[in-house]
Amino acid sequence: MIQLKRLNGKEFMINAIYIETVEAFPDTTITLTNGKKYIVKDSMLDVKGKITDFYRAIHVLNMTHLKEDEADEE
């Protein structure tokens, strides 16, 4: 889950796994895989960072096992 802020300043959490797109119209608009849209105060760059941190926390972006395999091949 990532924490975001609605345009009215109220904070909420969203499951980053279900995020399909993040766009700026100029407000940052997040579209989920089910089609639901959220408009947030957070910049597109901030949302991207939070999504990246989330995936790292659940070890989706942790590719150390692949680096070890590459080292073994050399």
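Ala-24 is part of strand S3, residues 19-24; strands (E, at least two residues) and helices (H or I, at least four) are DSSP runs, numbered from the N terminus. Between the C-alpha atoms of Ala-24 and Ile-39 the distance is 9.3 Å, with 15 residues separating the two along the chain.

A word on the source. What you see is a predicted model, in which local features need pLDDT of at least 70 and side-chain atom pairs count only at pLDDT 80 or more, while totals for chains, interfaces and linings use all residues. Residues are numbered from 1 along each chain as its sequence is written, and side-chain values use heavy atoms, leaving out hydrogens and water.

Now the overall layout. There are five strands and two helices in the protein, and their order along the sequence is β-β-β-β-β-α-α. The protein has 74 residues, of which 23% count as buried. Its accessible surface is about 5,500 Å², with 53% of that belonging to carbon and sulfur atoms; the areas come from the Shrake-Rupley method with a 1.4 Å probe, and for residues only the protein chains shown count as cover. Among contacts (heavy atoms within 4.5 Å) with a separation of 6 or more, 36% are between residues 24 or more positions apart.

Strand S1, residues 2-5, runs antiparallel to S2, and four bridges join them; strands are taken to pair if DSSP finds at least two bridges between them. Opposite Gln-3 stands Met-13 of S2. Five residues lie between the two strands of the hairpin, and Gly-9 has a positive phi near 95°.

The whole structure holds two of them. In one, Glu-11 meets Lys-5 at 3.9 Å, N to O. Glu-11 is partly exposed, because its relative accessibility is 45%, and Lys-5 is also partly exposed, at 31%. Asp-42 forms a salt bridge with Lys-50, and here the closest N and O atoms are 3.0 Å apart. Is Asp-42 buried or exposed? Asp-42 counts as buried, because its relative accessibility is 11%; Lys-50, at 28%, is partly exposed.

On to the sheet. S3, S4 and S5 form an open antiparallel sheet in that order. S3 and S5 (37-40) are the edge strands, each pairing on one side only. From one strand to the next, the twist averages 20°. H1 packs on this sheet and touches S3, S4 and S5, with a direction about 155° from that of S3; axes are lines fitted to C-alpha atoms, for helices over the stretch in contact, and angles run from 0 to 180 degrees between N-to-C directions.

S4, residues 28-32, pairs with S5 over four bridges. Thr-31 is in S4, and its bridge partner in S5 is Lys-37. Thr-31 is buried, because its relative accessible area is 9%. Leaving aside residues up to four places away in sequence, Thr-31 touches Tyr-18, Ile-19, Glu-20, Thr-21, Glu-23, Lys-36 and Lys-37.

Two loops remain. In the one between S3 and S4 we find Pro-26, joined to Phe-25 by a cis peptide bond with omega about 20°. The loop between H1 and H2 contains His-59, a residue other than glycine with a positive phi, near 65°. His-59 is exposed, because its relative accessible area is 55%.

Val-60 lies in the loop between H1 (44-57) and H2 (64-73) and, at 41%, is partly exposed. Val-60 belongs to a nonpolar surface patch with Ile-17, Tyr-18, Ile-58 and Leu-61, about 440 Å² of accessible area together. Patches are made of residues with over 30% relative accessible area and no salt bridge, joining like charges within 9 Å and nonpolar side chains (Val, Leu, Ile, Met, Phe, Trp, Tyr) within 5 Å.

Conventions:
Salt bridge = Lys/Arg side-chain N within 4 Å of Asp/Glu carboxyl O. Buried < 20%, exposed > 50% of the residue type's maximum accessible area, 1.4 Å probe, protein only.
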